[in-house]
Amino acid sequence: MAYQFNEIRLEKGMYGTPGKSFTQVLESLDPSENYKGTPLEGLDAYQRQLKRFDIRVKGAGSDAVEKFFRTSESSVLFPEYVARSVKQGMEESNILPYITAATTTIDSLDYRSICSQPSEEEKQLHRVEPGAAIPQTEVKARENLVKLHKRGRMLVASYEAIRFQRLDLFSVMLRQIGSQIMRMHLDDAISVIVDGDGNDNAAAEYTIGDSTIGGTAGTLNYAALLKFWNQFDPYTMNTLLVSPDAMLALLQCSEFQNPLTGLNFQGTGELTNPLGAKLIKTSALAAGTVIGLDRRYALEMIQAADVNVEYDRLIDRQLERAAITSISGFAKLYTDASKVLHVGG
């Protein structure tokens with residue numbers, strides 16, 4: 001059987017197609033649905049091109065980097081390999097799905113989110129008498145645009161230095177770049193949660209020892225956490241972002257030392273929270289800081305583009321200054337769905 005993927009002419013211009021990624025361009029020329037019931041079922045269009053040029057990117061038998069550059073056409077596949085490896089690293093360390101309610105992809109650098117800010121009276125579900133007006137919930141555009149940030153790293157390596165390195169090993173370096181980019185996006189998300197997105201919607205902040213939380217400043221205990229949890233009505237505090245030192249203090253609370261908690265942590269690495277919230281430790285938070293949020297309503301992530309690589313440089317083996325970037329931003333949805341607790345002291 002003759003396969004269509006062997007007949008596609010690969011060229012640089014496939015990376016510059018407006019509104020389409022390189023893989024999407026390949027899929028339009030070589031649809032995966034045509035391979036159902038064949039040995040190539042389960043591979044996408046890019047993976048079929050790797051097979052076409054016999055390039056193995058994983059495992060102990062992976063090829064050297066120079067395998068991509070045996071022909072002018074196979075070299076066109078190299079930027080996509082870099083982008084996929086970087087995205088894999090981003091996904092491995094990605095906690096944003098646990099703190100965002102929605103993800104919006106746009107094709108511009110300007111974005112205005114929407115909001116609904118009912119008053120306390122409008123939140124009440126009053127009975128509607130026959131003929132009476134039905135209470136309204138107004139949804140409107142935010143006053144200020146969401147700020148998008150380009151985050152990235154510069155890949156600095158001569159072709160001579162990496163040409164004989166195995167792709168499996170080189171992927172590790174690229175995944176680390178992805179992890180670093182994702183950490184930058186997390187920093188942006190935390191900044192928006194705490195300070196707002198420029199629309200007067202900073203999170204309410206509490207400190208242990210104040211009149212609301214009580215307790216002794218510098219001491220994080222279960223009683224303080226309960227009072228913090230109690231501030232979320234009508235939302236549910238189902239996620240906790242915790243700095244490393246605050247996490248250590250939490251785990252020393254007797255309520256967190258249930259034998260089942262220990263067994264679950266040893267078996268799965270997941271911590272069971274007596275309050276039912278998912279605990280996420282991150283060094284992106286300042287010391288002594290806890291962020292509680294209702295991830296269903298707190299934050300929107302806006303992506304302006306997929307991972308972008310300077311494909312011209314990579315195809316031409318000019319790796320000395322090849323940028324790898326990702327553009328995203330964050331918008332607060334419901335202000336009261338996220339709050340900050342400072343240990344103090």
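Biologist: Is Thr100 buried or exposed in this model?
Modeller: This is a predicted model, and Thr100 sits in the loop between H3 and strand E1 (102-105). Its relative accessibility is 11%, and the cut-off for burial is under 20%. Thr100 therefore counts as buried.

Biologist: Let's turn to the aromatic rings. How are the planes of Phe69 and Tyr159 arranged?
Modeller: The structure has 15 aromatic pairs. In the pair of Phe69 and Tyr159, the ring centres are 5.3 Å apart and the planes make an angle of 75 degrees. Angles over 60 degrees fall in one class, so this pair is edge-to-face.

Biologist: How many residues apart in sequence are the parts that this pair of Phe69 and Tyr159 ties together?
Modeller: Phe69 is in the loop between helix H2 (45-52) and helix H3 (78-92), while Tyr159 is in helix H5 (residues 159-162). Because of where the two residues lie, the pair ties together parts whose separation in sequence is 90 residues.

Biologist: Which residues do ring pairs link into a cluster?
Modeller: Phe69 and Tyr159, the edge-to-face pair, are both members of this cluster.

Biologist: Now to the charges. Which residue forms a salt bridge with Asp316?
Modeller: Side chains of opposite charge can pair when their charged atoms come close. The structure holds 17 salt bridges. In the one made by Asp316, the closest N and O atoms are 3.0 Å apart, and the partner is Lys12.

Biologist: How far apart in sequence are the parts tied together by Asp316 and Lys12?
Modeller: Asp316 is partly exposed at 37%, and Lys12 is partly exposed at 30%. Asp316 lies in the loop between helix H10 (311-315) and strand E11 (322-332), and Lys12 in the segment before helix H1 (22-29), so the parts they tie together are separated in sequence by 304 residues.

Biologist: Which residues do salt bridges that share partners join into one network?
Modeller: One of the members is Asp54, found in the loop between H2 and H3. Asp54 is partly exposed, with a relative accessible area of 42%, and has a positive phi of about 55 degrees although it is not a glycine. The network as a whole is made of Asp54, Arg56, Asp63 and Lys67.

Biologist: Where does Asp200 lie, and is it buried or exposed?
Modeller: Asp200 is another non-glycine residue with a positive phi of about 55 degrees. Its place is the loop between H6 and strand E5 (204-207). At 79% relative accessibility, Asp200 counts as exposed.

Biologist: What separates the C-alpha atoms of Gly178 and Ser85?
Modeller: Gly178 is in helix H6 and counts as buried at 0% relative accessibility. Gly178 and Ser85 are 93 residues apart along the chain, and the separation of their C-alpha atoms is 7.7 Å.

Biologist: One last question: which residues make the nonpolar surface patch of about 250 Å²?
Modeller: Helix H6 (residues 167-195) holds one of them, Leu169. At 43% relative accessibility, Leu169 counts as partly exposed. The patch is made by Leu169, Val172 and Met173.

How values were computed
Residues are numbered from 1 along each chain as its sequence is written. This is a predicted model: local features need pLDDT of at least 70, side-chain atom pairs count only at pLDDT 80 or more; totals for chains, interfaces and linings use all residues. Side-chain values use heavy atoms; hydrogens and water are left out. Patches are made of residues with over 30% relative accessible area and no salt bridge: like charges are joined within 9 Å, nonpolar side chains (Val, Leu, Ile, Met, Phe, Trp, Tyr) within 5 Å. Accessible areas come from the Shrake-Rupley method with a 1.4 Å probe; for residues, only the protein chains shown count as cover. A salt bridge is a side-chain nitrogen of Lys or Arg within 4 Å of a carboxyl oxygen of Asp or Glu. Helices (H or I, at least four residues) and strands (E, at least two) are DSSP runs, numbered from the N terminus. Buried means under 20% relative accessible area, exposed over 50%, partly exposed in between (1.4 Å probe, protein chains only). Rings of Phe, Tyr and Trp (its six-membered ring) pair if their centres lie within 6.5 Å; planes under 30 degrees apart count as stacked, over 60 as edge-to-face and the rest as tilted.
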